[in-house]
There are 2 protein chains.
Amino acid sequence: MDVKGFLIDLDGVLYVGDTALEGALQGIDFLKERGYRFRFVSNTTRKCRRTLAKKLRLFGFAVDETSIFTPPLAAIARMKAEGKHRCMLLTTGDVYKDFEQWCNTRVGSGPVDYVVVGDAGDTMTYRNLNRAFRVINDGAEIIALEKDRFWMTPEGLMLSAGPFVAALEYATGKSATVMGKPSRDFFSMALSDMGLPACDVVMIGDDIVTDVGGAKNAGMRAILVRTGKFSQVSLERSTVKPDAVIDSIAGIGDLL
Amino acid sequence: MDVKGFLIDLDGVLYVGDTALEGALQGIDFLKERGYRFRFVSNTTRKCRRTLAKKLRLFGFAVDETSIFTPPLAAIARMKAEGKHRCMLLTTGDVYKDFEQWCNTRVGSGPVDYVVVGDAGDTMTYRNLNRAFRVINDGAEIIALEKDRFWMTPEGLMLSAGPFVAALEYATGKSATVMGKPSRDFFSMALSDMGLPACDVVMIGDDIVTDVGGAKNAGMRAILVRTGKFSQVSLERSTVKPDAVIDSIAGIGDLL
């Protein structure tokens with residue numbers, strides 16, 4: 001394979017929940033030793049970049065936070081480009097820390113440019129959704145950090161940000177701008193940070209649609225791993241075809 | 001006007017919030033004295049039929065609960081027709097009392113036929129939406145008591161059932177069946193209870209889309225009142241044309 005760099009998904013590729021996947025450390029070490037460039041691209045919207053980097057270091061990955069790209073980073077980049085910084089967050093966890101570096105997230109003091117919707121868990125109350133709805137009605141645009149339908153947890157399937165984005169779109173008649181994978185702009189941000197064109201880069205992920213489909217749509221090649229949310233049925237049913245399928249990122253050395 | 005009966009909206013036509021509209025009592029008395037048949041058709045999903053009738057009697061309207069038609073009644077009629085009675089309610093207020101007369105609303109004991117979504121206010125938590133989502137994923141169908149986007153309250157605009165129906169549709173890929181106005185089946189239920197064909201009946205309402213548009217689509221004529229949520233702008237912009245526009249239901253005698 002003629003390749004100079006990699007974009008690597010986190011959850012389902014390096015770890016699942018609080019457990020690192022077997023061989024993932026060796027896989028990353030292999031890429032590092034051979035001098036490949038790589039960045040991490042995750043659709044997670046509950047943790048700030050610093051907390052994600054800390055989590056990876058606890059697993060033993062020697063990762064700098066600037067090599068991690070998440071939807072909040074893309075949202076902030078867009079706001080910077082537009083010179084806007086007043087936003088209302090519908091998020092949970094500590095992801096607000098990423099936004100605080102650029103945005104004024106305290107609503108109630110005048111007009112708001114963007115309502116930013118992430119996977120907000122129990123914070124997604126009727127009261128908060130009503131506040132967001134009124135702010136959008138008054139002129140704010142909707143930024144969807146991701147528009148996934150659901151995700152798998154130990155307690156069963158849980159609604160992701162997508163359904164709530166759809167609810168606000170229905171209520172206001174406005175369409176959200178989606179920040180994370182499979183958005184082309186999102187991949188571009190990581191590619192340009194690596195200084196490589198899409199044709200020299202391979203995406204490694206466990207989601208046939210968001211990772212593989214998104215990467216190929218952005219001009220990259222893509223490897224699907226059989227870990228995380230991988231499903232043989234989804235692979236067979238999909239019109240998207242990965243360039244390779246491997247048991248886990250541990251096998252990346254053999255493939256190259 | 002050659003007419004034998006009326007369908008009459010409640011909120012915005014007879015009262016607004018907790019205040020009866022001036023002349024509404026006289027309007028209803030006029031219809032009664034002249035021997036017109038009439039039924040009440042409301043999209044409210046927070047109150048059971050009995051509570052609605054009690055509210056009307058407090059205002060002085062001599063109304064029997066069997067003359068009131070609400071989306072829960074339509075939902076129950078459908079479930080009866082299909083011989084199904086296991087449902088999960090996403091509602092608030094005492095509307096569950098209507099359902100209890102036919103349905104088993106206690107989820108957790110086996111499969112569920114329908115998830116019934118009304119205007120649920122603060123009951124629309126992330127936890128409850130997740131429960132509904134899993135039940136739909138396991139095979140239940142979605143019944144939307146109404147699919148309105150929002151409604152006006154003294155505290156400002158509030159999300160109605162529609163956005164949450166849209167969220168569950170997005171999450172599950174299933175389409176909801178809408179029970180209330182402007183559904184043709186809903187009007188038919190009240191018409192057949194009156195024993196009159198649509199061509200002999202006039203709808204009186206304050207909503208140009210749900211009331212006037214819905215009624216005309218069901219073959220009735222329709223009068224728009226300038227009370228409740230009436231808006232001159234909405235009337236002028238709409239392609240729907242009412243057969244008459246009157247200041248309030250108090251003026252129904254003059255029109256006839």
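How much area is buried between chain A and chain B, and what share of that area do carbon and sulfur atoms give? The buried area is about 2,500 Å², with 64% from carbon and sulfur atoms; buried area is the accessible area (1.4 Å probe) that two parts lose on being put together, summed over both.

This is a predicted model, in which local features need pLDDT of at least 70 and side-chain atom pairs count only at pLDDT 80 or more, while totals for chains, interfaces and linings use all residues. Residues are numbered from 1 along each chain as its sequence is written, chains are lettered from A and ligands numbered from 1 in the order in which they are written, and side-chain values use heavy atoms, with hydrogens and water left out.

**The interface**

Show both chains. Contact (heavy atoms within 4.5 Å) joins 31 residues of chain A to 31 residues of chain B. Select A:Tyr126, A:Leu159 and A:Tyr170: in chain A these lose the most area to chain B, together 33% of what that side buries.

Helix 5 (126-137), strand 9 (150-153), strand 10 (156-159) and helix 6 (161-172) of chain A each supply at least two residues of the side that touches chain B. Helix 6 of chain A gives the most, with eight residues. That side of chain A divides into 15 nonpolar, seven polar and nine charged residues. Here Ala, Val, Leu, Ile, Met, Phe, Trp, Tyr, Cys and Pro count as nonpolar, Asp, Glu, Lys and Arg as charged, and the others, Gly among them, as polar.

How many salt bridges does the rule find across the interface of chain A and chain B? It finds zero, a salt bridge being a side-chain nitrogen of Lys or Arg within 4 Å of a carboxyl oxygen of Asp or Glu. Over all chains the count comes to 27. For an example, select A:Glu65 and A:Arg50, whose side chains meet in a salt bridge (3.1 Å, N to O). A:Glu65 is in the loop between helix 2 (49-59) and strand 5 (68-69) of chain A, and A:Arg50 is in helix 2 of chain A, 15 residues apart.

**The six-stranded sheet of chain B**

Six strands of chain B form an open sheet in the order 5-4-1-12-13-14, with parallel pairing; two strands pair if DSSP finds at least two bridges between them. Strand 5 (68-69) and strand 14 (244-246) of chain B stand at the edges, each with a single partner strand, so one side of each has no neighbour in the sheet. Strand 4 (residues 37-41) and strand 5 of chain B pair over two bridges; select B:Val41 to see B:Phe69 opposite. Helix 1 (residues 24-33) of chain B lies across strand 1 (5-8) and strand 4, running at about 140° to strand 4. Such angles run from 0 to 180 degrees between N-to-C directions, with axes fitted to C-alpha atoms, for helices over the stretch in contact.

**The four-stranded sheet of chain B**

This open sheet has the order 6-7-8-11, again parallel. Its edge strands are strand 6 (87-90) and strand 11 of chain B. Select B:Ile143: its bridge partner in strand 11 of chain B is B:Thr177. Helix 3 (residues 71-82) of chain B packs on the sheet, at about 170° to strand 7 (114-117) of chain B.

**Cis peptide bonds**

Finally, select A:Pro182 and B:Pro182. The peptide bond from A:Lys181 to A:Pro182 is cis, with omega near 5°, and the bond from B:Lys181 to B:Pro182 is cis, with omega near 10°.
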